[in-house]
Amino acid sequence: MAGSAWSAIRLGEWRLQIKLPWRQVVSAVLGGVIMGLASRMAPACNIWHLFGGLPILALQSFLFLAGLFPGAWLGGLLLTRLVIPR
């Protein structure tokens, strides 16, 4: 990244653009807050549940897996309908 930034500066093509869509900013802030709260409430991380808990048949991991798919589907639906409209 440093090399490409240096090249852009030397060619005079460096432009700092801060045009962010408000929907994406709100989505990023709310998503960060929700992920921060969830990380404090969860007993372990998602990688442990998938690769550590499922092989030993931990109930928590099966509950995590049961909530993973509907949560990902709902998140994708919200992202495509509210954040990135067509």
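The residues that line the largest pocket of this predicted model divide into nine nonpolar, three polar and one charged. The pocket itself holds about 330 Å³ of space, and of its 13 lining residues, those closest to the centre are Ser 27, Leu 30, Gly 31, Leu 78 and Val 83. Two helices, α2 and α4 (residues 59-83), each supply at least two residues of this lining, and the largest share, eight residues, comes from α2.

In general, an α-helix has 3.6 residues a turn, so residues three or four places apart point the same way.

Trp 22 likewise lies in helix α2, and with a relative accessible area of 63% this residue is exposed. Although Trp 22 and Val 83 are 61 residues apart along the chain, their C-alpha atoms are separated by 9.0 Å; Val 83 is, in turn, among the residues closest to the centre of the largest pocket. A contrasting pair is given by Asn 46 and Leu 82, which are 36 residues apart along the chain and whose C-alpha atoms are separated by 26 Å. Asn 46 is placed in helix α3 and is partly exposed, since its relative accessible area is 43%, a value that falls between the limits of under 20% for buried and over 50% for exposed residues.

Helix α1, made up of residues 2-11, has one buried residue among its 10, and therefore lies largely in the open. Just after α1, Gly 12 takes a positive phi of about 75 degrees. A positive phi, of about 60 degrees, is also found at Leu 57, although this residue is not a glycine. Leu 57 has its place in the loop between α3 (residues 46-53) and α4, and its relative accessible area of 62% means that it is exposed.

Definitions and conventions:
Residues are numbered from 1 along each chain as its sequence is written. This is a predicted model: local features need pLDDT of at least 70, side-chain atom pairs count only at pLDDT 80 or more; totals for chains, interfaces and linings use all residues. Side-chain values use heavy atoms; hydrogens and water are left out. On a 1 Å grid over the protein atoms alone, a cavity is a set of points where a 1.4 Å probe fits but cannot get out, and a pocket is an open set with protein on both sides within 12 Å along at least five of seven lines; lining residues have an atom within 4 Å of a point. Grid points are joined across faces, edges and corners, and a volume is the space filled by probe spheres set on the points. Helices (H or I, at least four residues) and strands (E, at least two) are DSSP runs, numbered from the N terminus. Ala, Val, Leu, Ile, Met, Phe, Trp, Tyr, Cys and Pro count as nonpolar, Asp, Glu, Lys and Arg as charged, and the others, Gly among them, as polar. Buried means under 20% relative accessible area, exposed over 50%, partly exposed in between (1.4 Å probe, protein chains only).
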